[in-house]
Structure formats: structure tokens, C-alpha cells
Amino acid sequence: MTLNWDFMVISSSSKHAIVIFAALILLSNRANCDDSLHANKGNTCLESERRALIAIKSDMYDPGEWLSSWTGYDCCKWRGVACDNVSGYVTRLDLQYPWVESIGASKVNPSLFELKHLRYLDLSFNNFSYAHVPHMIASLVHLEYLNLSNAFFYGLIPPVLGNLSHIQHLDLGNCYTYTYPSTLFSNNLSWLSNLNSLQYLDMSCVNLSKATNWLHQINLIPTLQVLLLGDANLPPVPPSLPTINLTSLTMLDLSWNEWNISASMLRWLSHASNLEHLDLSGCWVFEAEALSVALGALHNLRKLVLVDTQIAGEFSTILKNVSRMLQYLVLQWNFLLSGEISTILSILPRRLEFLALDGNNIYGRIPEMLGNYTSLRHLSMYYTRITGDIPRTIGKLIHLECLDLSQNDITGEMPSNVGNLPNLEELYLIETNITGSIPESLGNVSSLKYLGLFGNKITGEIPKTLGSLHNMSGLDLHANLLTGQIPTTIGRISNLRYLDVSENHLTGEIPTTIGRISNLRHLDVSENHLTGEIPKTFSRLCNLWMLDLSLNNIIGELADLLDGLSNCPQGAVLSSLSIGDNNMSGSIPSNLGLLAHLQELDLSSNSLQGHFRAMFQDYTNSNPCHDNNLQCAMAPMGSYRPKDKILITAKGSTYEYIRILSLVTSIDLSHNNLSGEIPNELMMLRDLHFLSLSNNHLTGTIPENIAFLTELFSLDLSMNNLTGTIPSNLSALNFLSHLNLSFNNLSGRIPTGNQFLTFDDPAIYAGNKDLCGWPLPECPSDEAQRGPLHAKDDDDGNGSKLEKVLDYAFIAMGFIIGFWAYWGAMIMKKSIRIALFQMADRIYDWIYVQLAVKFGR
């Protein structure tokens with residue numbers, strides 16, 4: 001056998017090429033072997049894609065819970081990952097961040113490009129730190145679903161996204177990332193015309209202000225079913241519009257674009273025959289008749305939202321031909337839209353489930369026919385002109401979840417059959433004129449979460465049956481005429497977070513059972529006639545933000561309350577504490593300073609005594625900064641701050657947490673029996689806006705470092721025993737608008753310049769006999785410095801001023817006497833004579849006062 005050796009002759013370069021080719025084959029086989037190896041183990045995940053996912057994870061912010069399942073070899077079982085059952089390729093990647101709170105930064109790892117078979121990709125609600133939308137996403141040509149919404153992307157939306165020819169769902173909405181500079185924008189939407197399969201497009205809050213031809217370009221996508229362009233700064237459409245091509249459109253949102261929806265645009269919309277959901281809120285719809293025609297043509301319309309659209313006219317005109325399929329109608333805050341409520345209801349379909357007519361010019365009595373709308377889940381007519389009683393037929397709306405008739409002239413009592421609404425979650429009858437008592441039957445509405453009845457004329461007692469509403473989160477009964485005691489059953493509402501029964505006529509003691517409501521955030525029982533002590537159980541309310549017990553007759557001391565709150569496992573969160581106008585006694589506890597989140601403190605008009613430096617006691621014991629040590633107070637903030645230290649041991653390590661009082665913005669300790677000097681440590685509260693220490697027994701001087709309180713708006717130190725001078729650097733407090741230093745023992749010259757130019761009322765300084773200077777009389781040293789020459793000048797000046805006063809007085813008297821001498825001769829009525837003499841007396845008194853003032857100086 002003869003071989004042809006010619007073709008076997010291989011050049012050196014060819015040998016290298018073959019070697020490289022062979023190496024590539026080997027690497028490919030190795031990868032296939034790896035993938036096959038794991039496949040043989042029963043896994044469907046390809047190793048190359050598993051490695052890509054690990055790389056993607058490395059650049060994603062994750063506190064350890066969301067991606068904790070991303071371990072092991074089978075990535076197809078990882079959370080947010082799905083694979084094709086046959087090929088094993090990753091086809092779905094859901095990295096939507098699941099929590100709303102602030103999150104750390106993430107990056108889009110280039111390994112995403114390795115997942116070439118992705119059909120579903122969701123990166124929404126992450127924080128990509130204002131990075132540009134990666135162009136490489138356009139290379140994932142198999143994508144059918146892409147969600148990049150609210151992920152802190154910034155800049156131009158890349159037109160290469162038009163390469164995603166299989167995309168059906170595209171979400172670029174940006175409405176939750178308003179923090180500058182998170183805005184996405186697009187100047188030309190022509191790339192959308194390549195997306196022939198697109199069904200869902202969300203570009204809400206994307207800046208489209210320069211996309212002047214947006215409607216024509218979107219109109220080229222006949223497959224589009226959902227179009228969301230709310231708050232996209234859309235340019236107005238031209239008068240001439242193309243024939244509508246969006247015949248599949250079922251949902252359209254053009255809200256909050258603040259441009260005129262013209263008659264031609266409304267005619268264009270009327271041809272979207274399959275439209276089920278239309279939102280034109282915030283747009284200017286001036287063509288009421290054209291809107292009526294368009295709505296009449298949309299026979300499949302189920303949801304209509306027209307909030308703040310400037311529509312003028314009658315409801316009956318606009319809604320007269322509305323679809324009988326309508327289930328959801330929101331026509332809020334159109335103040336020029338009017339109509340009688342019974343007429344409005346008569347033209348709406350009975351299948352309506354959601355009706356919101358707040359803030360319109362609606363009038364009349366709610367008709368009995370309301371009970372025919374048995375499908376209603378939401379009914380709100382807040383801030384309209386509705387009058388009369390609530391019809392008893394309201395009890396037929398068994399599917400009702402929310403009822404809001406607030407700020408209307410509703411009269412009569414609340415129907416007891418409201419207790420027959422088993423699905424009711426929210427009931428608001430705020431600031432109406434309803435009378436009578438709260439129905440006991442409300443305790444049967446086990447689904448009730450929010451009950452707002454404040455600002456009415458409701459009488460009687462708070463029903464004990466409310467304690468059965470275990471799902472209740474908010475209960476507001478303030479500003480009524482309620483009497484009796486706060487029922488102990490309130491303590492059974494374990495989910496209650498907001499409780500306000502202030503401004504009533506409640507009596508008795510505060511129930512100790514309220515201390516069992518561990519979730520309580522807001523508690524206000526002020527302006528009642530409550531007695532007794534603060535329940536010791538309140539010390540368990542570690543989640544309480546606001547506590548207002550003011551204007552009652554509460555006695556006792558603060559110690560028990562603060563002892564408990566200062567021992568809360570995670571620290572107390574109380575930010576507002578108001579116990580003013582009660583009969584509290586004892587001293588201010590030192591652990592008050594341990595309320596690290598405290599912002600507002602009102603202990604005024606009690607019988608508290610002692611020195612309020614106690615609230616800083618824990619800070620001064622271990623620190624040399626006390627008394628009026630100005631050098632310490634002027635030290636850098638990092639070297640000294642009121643604080644308390646908490647040592648927490650976790651996982652074998654000890655951490656020191658420091659809590660500070662720097663959040664405090666308001667302190668009112670006025671009208672007590674506090675004594676001692678103003679503590680120097682108080683000046684470390686750099687965010688303090690309001691400080692009132694009036695009507696106490698404070699002594700010593702006003703601290704020089706009070707000027708450190710640069711945010712101070714109001715300062716009241718009146719009615720004490722303070723001595724010394726007014727610190728001159730007080731004039732540097734640029735925000736200070738209210739000052740009261742009256743009735744102390746202050747002396748010396750009142751500072752001048754800056755803020756003190758505005759404090760021109762002598763009452764600010766009254767009762768300090770040794771104070772002088774503007775606006776009080778001049779200081780003696782001023783007169784001495786001016787000398788005899790100036791004194792003579794003053795005398796001459798005073799003399800000349802006196803002469804002028806006398807001249808004017810005599811001229812006036814001459815005119816008046818001459819005038820009445822003439823007319824008095826002709827008019828002899830007794831009443832006129834009396835008036836003449838009274839006027840003369842007043843002129844005499846005025847001249848006497850002027851002379852007395854001049855000679856008195």
C-alpha cells in the first residue's frame with residue numbers, strides 16, 4: 001500500500017493551530033464532563049452556569065437571608081432560580097430585593113452574560129448605585145420577561161434593548177427611587193417598534209420629556225396590552241393623531257403628566273375598544289362632553305381613575321353612558337365637579353365594588369338605595385357636602401371593607417347595624433356632627449382594624465365590647481363628649497398600635513391593662529379628668545413612641561415608669577413624653593436621660609422639685625465636665641457628650657453601644673418647684689429648639705455657653721431667681737424668635753445687635769430692676785460718659801422739644817376752642833356740649849402726660 005505523504009507534510013504554524021484546537025476541544029470536553037458529572041449525581045444544574053450565579057451573588061447586597069439557599073451543586077433548587085427540565089439551562093433568575101427599607105449597594109456582575117438562555121430576569125428594588133443600565137442585557141436575546149424597575153439605575157435607557165425581539169414584559173418603572181440622581185430617561189422611543197411580541201410596558205416616572213413622538217412610536221406595537229406611563233413628563237400630543245393600532249390594549253395609565261388631554265386624544269382613546277382600566281389622574285381634562293363620549297364608547301371599561309383632573313360640570317353628564325361593566329370608580333378631588341348624591345348613585349352600575357368620590361362638590365342626603373350596591377367593598381365620600389343621617393340600609397353592604405364619610409355634615413346617630421358588616425376593616429366618621437353613643441354592636445366586627453370617630457359629638461361611655469376587636473390597630477376617639485372610665489377590656493386588643501381618647505370627659509384611673517398592649521406606639525389620654533398614678537405596667541411599653549397624659553389630675557412620681565422603660569431589652573423608643581398640667585410630685589429621675597430617642601419633653605405645671613441636673617447625673621459622675629466648667633463645654637463634641645454606655649455580649653464578643661440625648665428638640669419644665677442652677681450639660685443638646693424653665697426657683701447665672709444652642713427658637717427663663725448679666729453671645733442665636741427673661745434678678749446692660757434688635761418689647765426684661773439699655777432706660781454709665789456738655793445739649797434739646805410740644809398743644813387748643821365757639825353758638829344740644837367738654841378733658845390729659853414724661857427724665 002502506497003501512502004501519499006504529500007498531504008502529511010505539516011508546517012510548523014499549522015502544528016501550533018492544531019495544538020490550540022485540540023486544547024479547546026479538551027477544555028470543552030472537560031466542561032461537558034463537569035456538567036455531565038453533576039448530572040450523573042442527579043443534579044440538573046450546569047456547572048458553568050452555577051459558577052456564573054456564584055459570581056452574580058458576590059456582587060449583590062444580601063444580609064444573609066434572601067440568598068442563603070445558594071449553596072450546593074444543584075443551582076436549579078436555589079431560591080429565585082429555575083432551569084429547563086430537558087436541557088438544564090438556567091431560564092429564570094429572580095433577584096428582586098424583597099424588603100422596602102434602605103439597602104446596601106449592588107452591582108450587575110458581567111457573569112450574567114453567561115446565562116444565555118434566560119427567559120426571565122428580575123433585578124427590581126435593588127440598589128445599583130445610580131449605575132447605567134448594562135448594555136449586555138440586550139445580548140440575552142431569549143428574554144421574555146425583564147424587570148429593572150426601582151433599582152436605582154440612572155441615565156439613558158439603552159436603545160439596544162430593542163434587540164430583545166422575544167420580550168413580552170418590560171418594566172422600567174422608576175417611581176420609588178425619587179432620590180436624585182436616580183432618574184432614567186429616554187429621548188426617542190423608536191427602539192420599541194422592534195419589540196414585536198411586547199405585551200406589557202411600564203415606563204412610569206421615566207423622564208420622556210424629549211420623546212416628542214412617543215404616541216406614534218408606541219402605537220406601532222399592536223400586541224401591547226398594558227401601557228403604564230404615569231408621571232413620565234410626557235410631551236403633549238399633536239392635534240393630528242394616527243389611527244389607533246393598540247387594539248389589544250386593556251390597561252392604560254397616563255396619570256400625573258400635567259398636560260391637557262385634548263378632545264382629539266379622547267376621541268383616539270374611544271377606539272381602544274378592549275380597554276378595561278383607564279387612569280388619567282393629574283392630567284387636565286377640560287373637555288367634559290368629549291370625555292363623556294369617550295367613556296360611553298369603552299364598553300369593556302371596568303376601572304376608571306380620574307383624580308385631580310380639573311373636570312368641571314355635572315357627574316350625570318360625564319357618567320351618563322359609562323360602561324355597565326364598571327366595578328372600580330375613583331373620582332376624587334375634582335372640586336368643580338358637582339352633583340346630587342342620589343342622582344350619581346342612580347346612574348352607576350349595581351355591580352360597583354369600589355367607589356371613591358372624596359373632595360368633590362357632592363351634596364344631598366345619602367339615599368336608602370345605597371343598600372342596593374351589595375358588591376361594594378370600598379365607599380369613601382370624604383370632604384364633600386353630604387348632609388343628613390347615615391341610612392340604615394348601610395347594614396346590607398356585607399362585603400364592605402372600608403367606609404369613610406369624614407368631614408361632612410352627617411347628623412344623627414351611627415346606625416347600630418354597622419355591627420352587621422363582617423368584612424369591615426376601616427371605619428372613618430371624622431369631624432362630622434354625629435351624636436349618640438358608640439354602638440355596642442361594633443364589638444362584633446372582628447375584622448375591624450381602624451376606627452376613627454374623632455371630632456364629633458358622641459356621648460356615653462366607650463363600649464367594653466371594643467375589647468373584642470383583636471385585629472384593631474388604630475383607635476381614635478378624641479375630641480368628643482365621652483364620659484365614664486376607659487374600659488379595662490382595651491388591654492385585650494393585643495395588636496393595637498394607636499390609641500387616642502384625648503379631649504373628652506373621661507374619669508377614673510388609667511387601666512393597668514393598657515400596659516399589656518406590647519405593640520402600642522401612640523397613647524394619648526390628655527385633656528380628661530383622669531386620676532390616680534401612672535400604672536406601673538406602663539414600664540413594659542417598650543415600643544411606645546408617644547405618651548401624652550397632660551391636662552389631667554394624675555399624681556405620683558415618674559420613677560416607676562422610667563425605671564421600666566430604661567430597662568427595655570433593645571432600649572426604649574419613646575420620643576415624646578408629655579405629662580404637663582397634672583399633680584406629679586417628687587424629683588426628676590436620673591434615668592430620664594436614658595431615653596435615647598427622646599425629642600419632646602413636657603413636665604410643666606406639676607409639683608416637681610429638686611434639681612433637674614439629675615437627668616444628667618449618670619453622665620457627670622464619670623466625667624469632669626460639670627457645674628459651669630466652660631472649658632469642658634467648649635471642648636470638641638467628640639471629647640464629651642452626655643451619654644450612657646451599654647455593654648452587650650453576643651457571639652463571644654462584647655460591644656459597647658452609646659446612646660445620647662442629642663435628639664431632644666423641646667423641653668418644658670415650667671411651673672414647677674425646681675431649684676439650683678441651670679446645668680451646664682443642658683447646653684450639649686445641640687438640636688434643642690424650645691426651652692422653657694419659667695416659674696421655678698432657679699438660681700445662679702445664665703450659662704455663657706447657652707450660645708451653643710444654635711437651633712434655639714424659643715427661650716423662656718422668666719419668673720426665677722437668676723442673677724448676673726445676660727450673656728452677650730445670645731445675640732448670635734440667629735433662629736431665636738421668642739425670648740422671655742422677665743422677673744429675675746438680672747443686671748447690667750442688655751446686649752445689642754443681631755437678634756436683640758428684634759426683642760424690642762420691654763416686657764421681655766420686666767421685673768429685673770438692675771437691667772438697663774434699649775428698650776429699657778439708658779444705663780447710668782452712658783450718661784456719665786457723655787459728660788456735662790452732652791448733658792447741656794440734652795437739656796437744650798429737651799427744652800426745645802418741650803417748646804415744640806407746647807406750641808403744638810396751644811395751636812390745637814386754639815383751633816378746637818375757635819371751632820366749637822362758632823358752632824356751639826348755633827348748636828345748643830346738650831349731648832354735643834357734653835362731647836365737647838369730654839374732648840377738652842382728653843386733650844388736657846394728653847398734654848399733662850407729655851410734660852410729666854419730659855420733666856421726669
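Biologist: Which residue stands opposite Gln 609 in β38?

Modeller: This is a predicted model. Strands of a sheet pair through backbone hydrogen bonds, in a parallel or an antiparallel arrangement. Here Gln 609 faces Asn 673 of β38. Two bridges link β34 (residues 609–610) with β38 (residues 673–677), in the parallel sense.

Biologist: In which sense do β38 and β40 pair, and over how many bridges?

Modeller: β38 pairs with β40 (residues 697–699) in the parallel sense, over three bridges.

Biologist: In what order do the strands of the five-stranded open sheet lie?

Modeller: The order is β13-β15-β17-β19-β21, with parallel pairing. β13 (313–314) and β21 (409–410) are the edge strands, each pairing on one side only. Gly 388 has Ile 410 of β21 as its bridge partner.

Biologist: Which residues have the most contacts inside the largest nonpolar core?

Modeller: In soluble globular proteins, nonpolar side chains tend to be buried together. In this model the largest nonpolar core has 209 residues, and Leu 93 and Trp 214 have the most contacts inside it. Helix α5 (residues 288–297) supplies the largest share of this core, five residues. A second, separate core has five residues, including Val 305, Val 330 and Ala 356.

Biologist: What is Leu 93 in contact with, leaving aside neighbours within four places in sequence?

Modeller: With those neighbours set aside, the contacts of Leu 93 include Leu 53, Ile 56, Trp 70, Leu 112, Tyr 120 and Asp 122. Gly 80 and Val 81 are also among them.

How values were computed: Residues numbered from 1 in each chain as written. Predicted model: local features only at pLDDT ≥ 70, side-chain atom pairs only at ≥ 80, totals over all residues. Heavy atoms only, no water. Pairing = 2+ DSSP bridges. Helix = DSSP H or I, 4+ residues; strand = E, 2+ residues; numbered from the N terminus. Core = buried A, V, L, I, M, F, W, Y, C linked by side-chain atoms within 4.5 Å. Buried < 20%, exposed > 50% of the residue type's maximum accessible area, 1.4 Å probe, protein only. Contact = heavy atoms within 4.5 Å.
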